[in-house]
Amino acid sequence: MSYDPTNIFAKILKGELPCHKVHEDDDALVMMDIFPQSKGHTLIVPKAPSRNLLDADPAAISAVMPLVQRVARAVKAATNADGIRLAQFNEAPAGQTVFHLHFHVIPVYEGVPLGAHAGGKADDAELAALAQDIAARL
């Protein structure tokens, strides 16, 4: 399958749809997941167009991985999470729901189960506050 430039993340990257932005640079956009699996669930979306890891340019992956690490550290600090889960899905059978490469940084809290992937929508005010807290730690 080929990359669809009308996917929701491509529209967000073009400024056609809103997001709760944490950070943006030449290589990626960092935003809050509006359907979080836990408080502080954050997405890193490379700007280079690709469906997922399988068809991505290795240079684009290399450019964003240091940011993924920085975001994981910032999310852990901002949320006081006990751990961080990094997830990245490739194709629908593996759980991918948006076909633009992206990385999930999911805070994990001891004794608190994660919500379902793409489950319930979070409160916008809470997401905006979390985005500011995480951005302040980047």
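**View 1. The lining of the largest pocket, by residue class.** In this predicted model, the lining of the largest pocket divides into 13 nonpolar, 5 polar and 3 charged residues. Here Ala, Val, Leu, Ile, Met, Phe, Trp, Tyr, Cys and Pro count as nonpolar, Asp, Glu, Lys and Arg as charged, and the others, Gly among them, as polar. A pocket is an open set of points on a 1 Å grid over the protein atoms alone, where a 1.4 Å probe fits, with protein on both sides within 12 Å along at least five of seven lines; lining residues have an atom within 4 Å of a point.

**View 2. The centre of the largest pocket.** Of its 21 lining residues, Ile8, Phe9, Asp33, Ile34 and Phe35 lie nearest the centre. Helix H1 (8–13) and strand S2 are the elements that give two or more residues to this lining, and H1 has the largest share, with 3 residues. Helices (H or I, at least four residues) and strands (E, at least two) are DSSP runs, numbered from the N terminus.

**View 3. Contacts of Val71.** Leaving aside residues up to four places away in sequence, Val71 touches Val30, Thr42, Ile44, Val105 and Leu138, where contact means heavy atoms within 4.5 Å.

**Notes to the views.** Residues are numbered from 1 along each chain as its sequence is written, and side-chain values use heavy atoms, with hydrogens and water left out. Since the model is predicted, local features need pLDDT of at least 70 and side-chain atom pairs count only at pLDDT 80 or more, while totals for chains, interfaces and linings use all residues.
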